[in-house]
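Dear colleague,

I am passing on the structure below, together with some notes on what was found in it. Please read them alongside the coordinates.

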Amino acid sequence: LLPATPSVAAVPPTAAAAPGRLYEASDPATYPCLVYAPPGPPPPGGRPLLLVLHGAGTNTGTARDLADPAGEHAGLPPSLLATGLAPAALSENFYVVAPY
């Protein structure tokens, strides 16, 4: 479970990193990823984390490719969240991290 306010040093606090939005986080020492935090305060006990491992063989684009509804990762949680098609059970309850 993640704390109510996760600390991610690689992501500067911006409007794009607001809860309920999908944003890209990167750190030169590791892999870039897409991160999603649901809107509203977490319930007592926190929220679960969904780690999306896409399994693609090559990474020639950017982490944003995981959210492309017409791309090879269409139908995975990042693309569903990016297009507003994610079920409420996902978009309202889970932190999502998708490394690329």
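Ala86 is buried, because its relative accessible area is 14% and the cut-off for burial is under 20%. Please keep in mind throughout that this is a predicted model. Ala86 is found in the loop that runs between helix H1 (77-83) and helix H2 (88-91), and, leaving aside residues up to four places away in sequence, Ala86 touches Leu80, Leu81 and Ser91. Gly75 is eleven residues from Ala86 in sequence, and the two C-alpha atoms are 9.1 Å apart in space.

Within helix H1 itself lies Ser79, which is buried, with a relative accessible area of 2%. If residues up to four places away in sequence are again not counted, the contacts of Ser79 are Leu66, Ala67, Asp68, Pro69, His73 and Ala74.

**The chain as a whole**

The protein chain has two helices and four strands, and, read along the sequence, these elements follow the pattern β-β-β-α-α-β. Of the 100 residues in the protein chain, 28% are buried. Among the contacts with a separation of 6 or more, 59% are between residues 24 or more positions apart. The accessible surface comes to about 5900 Å², and 62% of this surface belongs to carbon and sulfur atoms.

**The sheet**

The four strands form an open sheet in the order E1-E2-E4-E3, and the pairing is mixed. Strand E1 (22-25) and strand E3 (49-51) stand at the edges with a single partner strand each, so that one side of each is left without a neighbour in the sheet. From one strand to the next, the twist averages 20°.

Taking the pairs in the order of the sheet, E1 and E2 are antiparallel and pair over four bridges, and here Glu24 has Leu34 in E2 as its bridge partner. E2 and E4 also run antiparallel and are joined by four bridges, with Leu34 standing opposite Ala98 in E4. E3 and E4, by contrast, run parallel and are joined by three bridges, and the bridge partner of Leu50 in E4 is Val96.

In strand E1 you will also find Ala25, which is buried, with a relative accessible area of 5%. The C-alpha atoms of Ala25 and Ala98 are separated by 9.9 Å, although the two residues are 73 residues apart along the chain.

**The nonpolar core**

Which residues have the most contacts inside the largest nonpolar core? They are Leu34, Leu81 and Val96, in a core that has 13 residues. The elements that give two or more residues to this core are strand E2 (33-36) and strand E4 (95-99).

Not counting residues up to four places away in sequence, Leu34 touches Leu22, Tyr23, Glu24, Ala63, Arg64, Leu66, Ala67, Pro78, Val96, Val97 and Ala98.

With best regards

Terms used
Residues are numbered from 1 along each chain as its sequence is written. This is a predicted model: local features need pLDDT of at least 70, side-chain atom pairs count only at pLDDT 80 or more; totals for chains, interfaces and linings use all residues. Side-chain values use heavy atoms; hydrogens and water are left out. A nonpolar core is a set of buried Ala, Val, Leu, Ile, Met, Phe, Trp, Tyr and Cys residues joined through side-chain atoms within 4.5 Å. Buried means under 20% relative accessible area, exposed over 50%, partly exposed in between (1.4 Å probe, protein chains only). Contact means heavy atoms within 4.5 Å. Two strands pair if DSSP finds at least two bridges between them. Axes are lines fitted to C-alpha atoms, for helices over the stretch in contact, and angles run from 0 to 180 degrees between N-to-C directions. Accessible areas come from the Shrake-Rupley method with a 1.4 Å probe; for residues, only the protein chains shown count as cover.
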